[in-house]
Amino acid sequence: MSSVTVHAPAKINMALRVGGARPDGYHPLTTVFCALDLADEIVVAPAEGLSLTITGNDLAVDDNNLALRAARALQDRTGMDYGATITIDKKIPVAGGMGGGSADAAGTLVALNELWELGLSHADLHGLAAGLGSDVPFGLVGGLALGTSRGENLLPISPRAFQSWVLVTDSDGLSTPDVFRHYDLLHPEPHEPADVDDLVEALGSDSVAEVAGLLVNDLAEPAFTIRPDLRELFERLEGAGIATVLSGSGPTIGILCESDTAADALAGALRQEGLSTLRTDGPAAGAHVVRSS
Ligand code: C5P
């Protein structure tokens, strides 16, 4: 095989409920993930050793990059020392709360499993993914899913309604550990994450409007504490569509719209106001091969 191309989707957390920190420092979560058709493109080709090139963003590549760690995890798991060039064309905002790094790790697992003809099963890849990061397993599975534990335990939700989103992005990224640290300061008492049963039930409806009022993110308050300007922007965008939610640890704000035409119009209007917007739809497939030769 001379190359494999994979698309790796961004995610938005339609609900993200957080519990008190566990002894290992992670927080128990109850979350509803939705994969979006906004995706990074990953191309892998055989080579001596491993190398990574990123295009579409001036993100510095270091040895700790999750895609490289994913490649090394595959080598360790299989005992193979095949090499590869990995090229990632970034479309997902970096440090935006959209799971971009996790998507790249999931995409690299899928791409190299194919290129190196390893034949690892979904369960094998899921195990490796969970070791790489809390959001990486969802990057493999995609669609719509309920996530528990650190976010790596997934229960698929059958998607009924098509979702049209406008994302308002911010070039000033937020650090996820930093936002969780602020969450702990605001909520020092031990507690379990709230449930998201109402949202899961509403997602079983044919109408996307049923989810209005049910999108929630417990990391919004700590993110707004770090970035008060983000709270102002969020409040301005509330009511712009069916529902507005901060994704993950922010700063990307997702606005769910009634239809794709409503979303196109909103994205255009917000762009005219000088905001940076992306139009995307969900739910989308998890990391998958789009070409191999
Ligand atoms: O799992 P991952 O490496 O992506 O997590 C990045 C950071 O986010 C962790 O180091 C931790 O600070 C925080 N985190 C958390 N609880 C989770 C997921 C992430 O505290 N369930």
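**Cavities, pocket and ligand**

The structure holds two cavities of 30 Å³ or more, a cavity being a set of points, on a 1 Å grid over the protein atoms alone, where a 1.4 Å probe fits but cannot get out, with lining residues having an atom within 4 Å of a point. The model is predicted, with pLDDT of at least 70 needed for local features and 80 or more for side-chain atom pairs, while totals for chains, interfaces and linings use all residues. Residues are numbered from 1 along each chain as its sequence is written, and side-chain values rest on heavy atoms, without hydrogens or water.

The largest cavity has a volume of about 50 Å³, a volume being the space filled by probe spheres set on grid points that are joined across faces, edges and corners. Its lining includes Leu 144, Pro 159, Arg 160, Gln 163, Leu 203 and Val 211, and the lining divides by class into seven nonpolar, three polar and one charged residues (nonpolar: Ala, Val, Leu, Ile, Met, Phe, Trp, Tyr, Cys and Pro; charged: Asp, Glu, Lys and Arg; polar: the others, Gly among them).

The second largest cavity, of about 40 Å³, is lined by Pro 9, Ala 10, Lys 11, Gly 99, Ser 102, Ala 103, Asp 135, Phe 138 and Gly 139. Strand 1 (4-18), helix 2 (100-115) and helix 4 (136-141) are the elements that each give two or more residues to this lining, and strand 1 has the largest share, with three (elements are DSSP runs numbered from the N terminus, helices being H or I of at least four residues and strands E of at least two). By class, the lining of the second largest cavity holds four nonpolar, three polar and two charged residues.

The largest pocket contains about 1100 Å³ of space, a pocket being an open set of points with protein on both sides within 12 Å along at least five of seven lines. Its lining counts 44 residues, and those nearest its centre are Leu 66, Ser 102, Asp 135, Thr 176 and Pro 177. Two or more residues each come from strand 1, strand 2 (29-47), helix 1 (66-78), helix 2 and helix 5, and helix 5 gives the most, five residues. This lining is made up of 18 nonpolar, 18 polar and eight charged residues. Ser 102 and Asp 135, listed for the pocket centre, also belong to the lining of the second largest cavity.

The ligand sits in the largest pocket, in the sense that more than half of its atoms lie within 2 Å of the pocket's grid points. Around the ligand are Gly 25, Tyr 26, His 27, Leu 29, Gly 133, Ser 134, Arg 150, Thr 176, Pro 177 and Phe 180, each with a heavy atom within 4 Å. Helix 5 (residues 176-186) supplies the largest share of this shell, three residues, and the shell comprises four nonpolar, five polar and one charged residues.
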